[in-house]
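I opened the notebook to go through one model, entry by entry.

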Amino acid sequence: MLELIAIIVSLTAILAWFNHQYIHLPTTIGVMAIALALSGGLHGLAWLGFTAIEDQAEALLSRIDFNQLLMDGMLSLLLFAGALHIDLDRLRRYRWSIGFLATLGVVISTLAIGSAAYYLFGALGLSVPWMYCLVFGALISPTDPIAVLGILRKANAPADLELRIVGESLFNDGVAVVVFTLLLGAAMGDEALTFTHAGKLFLQEAGGGILLGLAIGTLAYWLMRSIDEYRIEVLISLAVVLGGYSLALHLHISGPIAMVVAGLLIGNKARQSAMSDTTREHLDAFWELIDEILNTLLFVLIGLEVLLIPFELAHLWACAGLIVVILAVRFTTIGVPVMLLRDQLGFRHGSARILTWGGLRGGISVALALALPDGETRDTLLTVTYLIVLFSILVQGLSIGRVVVWLLGQAPQSAAQR
């Protein structure tokens with residue numbers, strides 16, 4: 001394990017340096033693009049008959065459980081780091097729009113995308129059962145907080161739109177995981193798909209996650225308030241994440257939601273009345289560094305995972321069609337509340353298009369696809385998911401800043417710059 005970590009971290013450091021020195025893309029996108037190029041180069045060498053390097057790379061990557069690494073490891077740290085810097089008072093102003101997109105929006109998107117995928121797969125000769133198409137709809141519907149947080153900060157999006165996108169992304173992955181778990185159980189024949197079961201699962205996962213987040217966040221607040229020693233207070237915040245997420249897994253409740261709630265509580269209440277200026281400075285520096293390092297590592301892994309994913313021409317056509325469907329569904333889901341509640345919620349002109357294009361898909365979708373049972377269906381859904389994530393990060397992620405300028409006529413400062 002130490003050897004594996006050393007290789008990945010060393011490679012990531014080299015790619016980050018190369019991007020900063022020569023390519024000058026945002027770090028996360030740049031390292032992923034270079035990793036993709038390396039993967040393509042290894043494929044090219046294998047095609048020419050030099051297979052040894054690619055075989056060694058594949059053997060190395062096969063030792064990494066991407067699903068477990070992200071869902072049970074990196075995700076808790078990244079979500080907490082993201083929530084730590086969200087202004088709770090400003091977030092409350094957009095609670096209804098964020099709440100709709102993170103809950104009912106995910107359900108509507110799951111049904112719409114899953115239905116479209118079923119007919120599109122069938123037209124392309126890809127045999128994917130109806131229930132697994134709905135599972136695909138669930139795993140591809142949430143906007144990924146990891147991708148969003150890593151890219152929007154450099155896109156100069158308006159503060160209010162950035163807050164809506166980030167707020168939605170921080171919460172909707174927890175809802176999507178519940179929907180995914182429910183639909184996958186039904187697809188595998190393990191559980192009956194009923195409203196009662198769905199309600200109980202959602203209450204247990206989401207409600208339990210909120211309560212746990214409040215409990216551990218409050219405990220951390222009181223511990224921090226009782227002392228003035230930044231080293232111990234930073235350690236307490238780390239314990240909240242690692243210990244809290246582990247506890248959530250044992251209790252079978254939503255760890256992502258618990259981390260977001262705890263992060264909001266510590267980042268607002270504890271920051272205001274339980275921390276000295278020195279503690280705030282060191283806490284922010286620590287979590288910003290954790291966020292940057294883990295994001296960079298994650299995007300390198302996404303770029304390298306292409307070596308393990310089987311591609312067919314039909315997968316590319318399915319990806320192209322589903323990208324159109326996903327964007328259309330997101331625009332419709334967002335456009336309706338924007339048009340109906342523009343005045344009440346303060347949506348500016350162009351909000352629907354910016355929110356649509358800024359809804360990036362990322363590592364969480366790939367991790368959920370990797371959790372599917374082995375078989376031809378898994379290969380199809382995993383490959384299509386991976387291609388959609390690549391498009392989302394490389395195309396949408398690189399162009400969201402230009403979209404903001406085009407629609408608003410200027411490049412206003414983001415919340416992180418104010």
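This is a predicted model: local features need pLDDT of at least 70, side-chain atom pairs count only at pLDDT 80 or more; totals for chains, interfaces and linings use all residues.

**Entry 1: helix H1**

I started with helix H1, residues 2-23. I found 22 residues in H1, reaching 30 Å from the first C-alpha to the last. That is close to the 32 Å expected at 1.5 Å a residue.

Next I looked up which residues of H1 are buried. They are Leu4, Ile8, Thr12, Leu15 and Asn19. I then looked down the axis of H1: the buried residues fall within an arc of 70 degrees, so they line one face of the helix. What covers these buried residues includes H2, H3 and helix H14 (277-304). On the other side of H1 I found Leu2, Glu3, Ile14, His20 and Tyr22 exposed.

**Entry 2: two histidines with positive phi**

I moved on to the residue that follows H1, histidine 24. It lies in the loop between H1 and H2. Its phi is positive, about 65 degrees, although histidine 24 is not a glycine. I flagged this because most residues other than glycine have a negative phi. Is histidine 24 buried or exposed? Histidine 24 has a relative accessible area of 58%, so I wrote it down as exposed.

I noted histidine 252 as another case, with phi near 60 degrees, a positive value in a residue other than glycine. I placed histidine 252 in the loop between helix H12 (230-251) and H13. Histidine 252 is exposed, with a relative accessible area of 52%. The cut-off for exposed is over 50%.

**Entry 3: a nonpolar patch**

I then checked the surface for nonpolar side chains. Leu45, Trp47, Leu48, Phe50 and Ile53 form a nonpolar patch there. Together they have about 630 Å² of accessible area.

I looked at two members in turn. Leucine 45 lies in helix H2. I read a relative accessible area of 33% for leucine 45, so it is partly exposed. I also took a distance from leucine 45 to alanine 13, which is 32 residues apart from it along the chain. Their C-alpha atoms are separated by 24 Å.

Phenylalanine 50 sits in the loop between helix H2 (27-47) and helix H3 (52-62). Its relative accessible area is 56%, so phenylalanine 50 is exposed.

**Entry 4: salt bridges**

How many salt bridges are there? I got a count of 6. Side chains of opposite charge can pair when their charged atoms come close. I wrote up three of these pairs.

The pair of glutamate 168 and arginine 330 has its closest N and O atoms 3.0 Å apart. Glutamate 168 is in helix H10 (residues 159-187) and arginine 330 in helix H15 (residues 313-340), so the pair ties together parts that are 162 residues apart in sequence. I checked burial for each partner. Glutamate 168 is buried at 2% relative accessible area. Arginine 330 is buried too, at 6% relative accessibility.

Aspartate 284 forms a salt bridge with arginine 271, with the closest N and O atoms 2.9 Å apart. Aspartate 284 is in helix H14 and arginine 271 in helix H13 (residues 255-273), so this pair ties together parts 13 residues apart in sequence. I noted 17% relative accessibility for aspartate 284, which counts as buried. Arginine 271 also counts as buried, at 17% relative accessibility.

Arginine 378 and aspartate 374 meet through their side chains, N to O, at 3.7 Å. Arginine 378 counts as buried at 16% relative accessibility, whereas aspartate 374 counts as exposed at 70%.

**Entry 5: alanine 369**

I ended on alanine 369, found in helix H18 (residues 363-370). At 0% relative accessibility, alanine 369 is buried. What does alanine 369 touch, not counting residues up to four places away in sequence? I listed Leu139, Arg378, Leu382 and Thr385.

Alanine 369 and serine 76 are 293 residues apart in sequence. In space I read 19 Å between them, C-alpha to C-alpha.

Conventions:
Residues are numbered from 1 along each chain as its sequence is written. Side-chain values use heavy atoms; hydrogens and water are left out. Patches are made of residues with over 30% relative accessible area and no salt bridge: like charges are joined within 9 Å, nonpolar side chains (Val, Leu, Ile, Met, Phe, Trp, Tyr) within 5 Å. Accessible areas come from the Shrake-Rupley method with a 1.4 Å probe; for residues, only the protein chains shown count as cover. A salt bridge is a side-chain nitrogen of Lys or Arg within 4 Å of a carboxyl oxygen of Asp or Glu. Helices (H or I, at least four residues) and strands (E, at least two) are DSSP runs, numbered from the N terminus. Buried means under 20% relative accessible area, exposed over 50%, partly exposed in between (1.4 Å probe, protein chains only). The expected span of a helix is 1.5 Å times one less than its number of residues. The arc is that of the directions from the helix axis to the C-beta atoms. Contact means heavy atoms within 4.5 Å.
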